[in-house]
Amino acid sequence: MNGLRGLLAEFAGADDVLAATRAARRAGYVALEVFSPYPVEGVAEALGFRTRLAWVTFVAGLLGGAAIFLFQGWVHAIDWQLDIGGRRSFAAPAFIVPTFEITILAAALATVFAMFVKNGLPRLHHPLFAVPAFERASQDRFFLFIGADDPRFAESTVRAFLGSLAPLEVHDVSR
Amino acid sequence: MTPRVDSERWTEGEPDLAAINDLVVGTVQSPRTRRSWLVAIALAGLGVLALALAVFGVFWWYVGIWGVDTPVYWGIAITNFVWWVGIAHAGTLISAILLLAEQPWRRSINRFAEAMTLFAIACAGMFPLLHLGRPEFFYWLLPYPNTYGYWPQFLSPLVWDFFAVATYGTVSLVFWYVGLVPDLATMRDRSTGLRARVYGVFALGWRGSARHWERHQTAYLLLAGLATTLVVSVHTIVSFDFAIAQLPGWHTTVFPPYFVAGAIFSGFAMVLTLLIPVRAWLGLRALVTARHLDYCARLMLTAGLVVAYGYAAELFFGWYSGDPHERDLLASHLHGRSAPLFWLIIGLNVVLPQSLWWRAARRSTVWLFVLSLAINLGMWLERWLIVISSLEHGFLPTTGGAYWPTFWDWLTLAGTLGFFVFFMLLFLRFVPAIAMSELRELVAERRRRGA
């Protein structure tokens with residue numbers, strides 16, 4: 001292996017990169033990644049990628065809500081019982097407000113936390129940032145990346161393949 | 001109705017991706033507004049100093065320096081709290097509910113409205129804490145294990161309020177930041193030197209990878225769903241502060257929906273108050289068009305009609321309850337001591353907004369601006385009527401009282417206004433005020449469809 005991390009093809013339009021991604025999948029490449037300045041519809045499907053983030057939201061909300069509900073019950077019925085005119089100390093309806101709020105809070109924080117962790121962010125340095133043209137990935141250009149860790153990766157073949165997709169340019173990404 | 005062909009257009013001209021980037025990044029980096037910005041932030045800085053003085057006063061002499069006294073234990077601090085937290089709601093509605101409803105026009109104004117939400121919540125949150133009597137012990141509202149061995153009273157609306165506002169503030173901040181990360185990456189890639197490094201840190205190394213986008217968009221949608229529940233719940237819980245009590249004028253079942261509608265109503269008024277001058281100042285008329293203002297005005301009118309229904313329901317149930325104390329308060333509102341205030345509120349919040357049925361009024365920037373100021377004032381006065389007039393009235397003439405804010409009350413209100421403007425100005429100077437990545441998607445979709 002030389003110092004190459006992969007090859008990066010630059011495109012001007014979202015449709016171009018989408019077509020290129022589908023072509024790369026058909027050609028059997030798997031170590032693919034697409035970079036775009038906005039979420040391009042269909043690219044995630046073309047990469048065969050799905051996220052299960054909603055489960056995190058659901059479970060975290062459930063756990064957060066249950067925890068604060070039981071906690072309030074424990075506080076008022078067991079640990080710090082106050083007899084106020086003989087009212088029942090396990091006043092479930094009154095516990096609903098904090099329960100609701102903590103459900104939302106736990107679900108939201110867990111969702112965001114899981115999103116960043118699964119994305120491997122924060123990661124301030126990345127080999128892609130060494131490619132000067134890559135700064136337009138956050139502005140108006142679209143990129144298809146084929147990694148050197150792909151089992152079918154051979155530099156000359158991949159370079160020729162990417163060239164056949166009519167990109168603006170093909171950049172080397174070093175390690 | 002607008003012709004079908006026009007319905008896809010939410011920008012003036014045909015900007016491409018680069019034009020949008022240039023325009024939005026330009027608002028942050030351009031020297032054109034630097035001098036006026038410096039003047040504005042210096043003035044707002046005086047407001048922040050006023051707030052610091054007002055807060056110092058409360059910590060030093062306690063709430064006795066405010067005009068609160070038996071029987072009016074809640075002064076304009078609570079009026080201000082309800083008003084500020086209400087204003088926040090429009091930002092969340094724009095960013096969350098309109099996202100779920102797939103309204104393309106939210107994309108030009110959601111970032112701005114969310115920033116408004118954040119700073120309004122910060123202003124709102126100060127008031128109940130300062131009003132605690134012993135503000136230095138505000139953290140006693142948190143359920144944390146302590147040597148006294150006691151816990152917050154979870155049956156108390158004050159504790160509910162704390163949970164509601166704290167959750168609202170946190171979720172709003174997270175929602176805003178998640179949407180901001182891709183735009184911070186753009187700022188990083190278009191800046192140099194120290195600026196690029198600072199933006200780079202806050203962008204967390206965002207690369208725009210398709211997998212990242214997919215998770216990001218899913219998380220954003222999930223957050224929108226969660227925040228939608230907050231749009232309707234936060235002011236509901238604020239209304240419980242009143243509705244749970246027995247006081248005439250407070251103990252009403254219509255309060256939760258009526259408060260939520262009032263919140264959205266005043267929030268849209270504040271969106272217009274801020275958006276109209278800012279879009280002219282920053283040169284964003286091409287992205288925030290007259291049509292955006294028109295749609296804000298429509299939603300404001302809708303919320304205003306629900307508020308009008310709330311007034312009517314309050315009057316009706318006051319009468320229908322047969323409760324002599326409720327009827328006394330009603331008489332006071334209609335033709336008694338609080339009548340001038342009540343009818344002024346009706347004029348500002350019910351009569352004037354009816355002008356929005358006419359397209360000419362919705363398309364007149366000057367009228368929208370004047371009307372938005374009138375509604376902001378009207379909604380503030382409405383909360384005065386609810387909080388203070390009800391307490392002044394009480395149950396019997398002998399238990400009534402009178403309240404007028406002191407210098408310190410006004411200083412706190414003026415201080416939060418300065419604080420709010422100060423942070424809005426900082427936001428406009430350092431953060432792209434329009435969600436570029438969302439607008440790029442909008443423009444690209446239109447081009448694709450047009451092609």
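Is A:Ala166 exposed or buried, judging by its C-beta neighbours inside 10 Å? The count is 12, so A:Ala166 is classed as exposed. The views below come from a predicted model.

**View 1. A:Ala166 carries a positive phi in a loop of chain A.** The loop runs between α5 and β4 of chain A. The phi of A:Ala166 is about 55 degrees, although the residue is not a glycine. A:Ala166 counts as exposed because its C-beta neighbours inside 10 Å number 12, and 12 or fewer is the cut-off for that class.

**View 2. Four strands of chain A build an open, antiparallel sheet.** Their order is β2-β3-β1-β4. The edges are β2 (32-35) and β4 (169-174) of chain A, and each of them pairs on one side only. On average, neighbouring strands of this sheet are turned by 25 degrees against each other, direction ignored. Such pairing works through backbone hydrogen bonds.

**View 3. Strand β1 of chain A pairs with β4(A).** β1(A) spans residues 4-11. Six bridges link β1(A) to β4(A), in the antiparallel sense. Which residue of β4(A) is the bridge partner of A:Leu8? The partner is A:His171.

**View 4. Chain A is divided into two parts, domain 1 and domain 2.** Domain 1 of chain A takes in 4-51 + 123-174. Domain 2 of chain A is 53-118. How many Å separate the C-alpha centres of domain 1 and domain 2 of chain A? They lie 44 Å apart.

**View 5. A cis peptide bond joins A:Leu121 to A:Pro122.** Its omega is near 0 degrees. A:Pro122 sits in the loop between α4 (92-118) and β3 of chain A.

**View 6. Chain B has a cis peptide bond from B:Thr70 to B:Pro71.** Here omega is about -5 degrees.

View 7. B:Leu204 belongs to the loop between α6 and α7 of chain B. It counts as partly exposed because it has 17 C-beta neighbours inside 10 Å; a buried residue would need 20 or more.

**View 8. Helices α11 and α13 of chain B pack together.** α11(B) is residues 339-351 and α13(B) is residues 365-393. Their axes are 9 Å apart, at an angle of about 145 degrees. The crossing of α11(B) and α13(B) is left-handed. From α11(B), the contact includes B:Leu341, B:Phe342 and B:Leu348. Among the residues they meet in α13(B) are B:Ile375, B:Met379 and B:Leu385. By class, this helix contact has 11 nonpolar, three polar and one charged residues.

**View 9. Chain B meets chain A with 49 residues from each chain.** On the chain B side, α1 (17-29), α5 (157-190), α6 (193-203), α7 (210-243) and α15 (436-450) each supply at least two residues. Which helix gives the most to the side of chain B that touches chain A? α7(B) does, with 17 residues. By class, the chain B side has 26 nonpolar, 15 polar and eight charged residues.

Methods
Residues are numbered from 1 along each chain as its sequence is written. Chains are lettered from A and ligands numbered from 1 in the order in which they are written. This is a predicted model: local features need pLDDT of at least 70, side-chain atom pairs count only at pLDDT 80 or more; totals for chains, interfaces and linings use all residues. Axes are lines fitted to C-alpha atoms, for helices over the stretch in contact, and angles run from 0 to 180 degrees between N-to-C directions. A crossing is left-handed if the near helix is turned anticlockwise from the far one by less than a right angle, and right-handed if clockwise. Two residues are in contact if their C-beta atoms, placed from the backbone, lie within 7 Å. Ala, Val, Leu, Ile, Met, Phe, Trp, Tyr, Cys and Pro count as nonpolar, Asp, Glu, Lys and Arg as charged, and the others, Gly among them, as polar. Two strands pair if DSSP finds at least two bridges between them. Domain bounds come from an automatic or database domain assignment.
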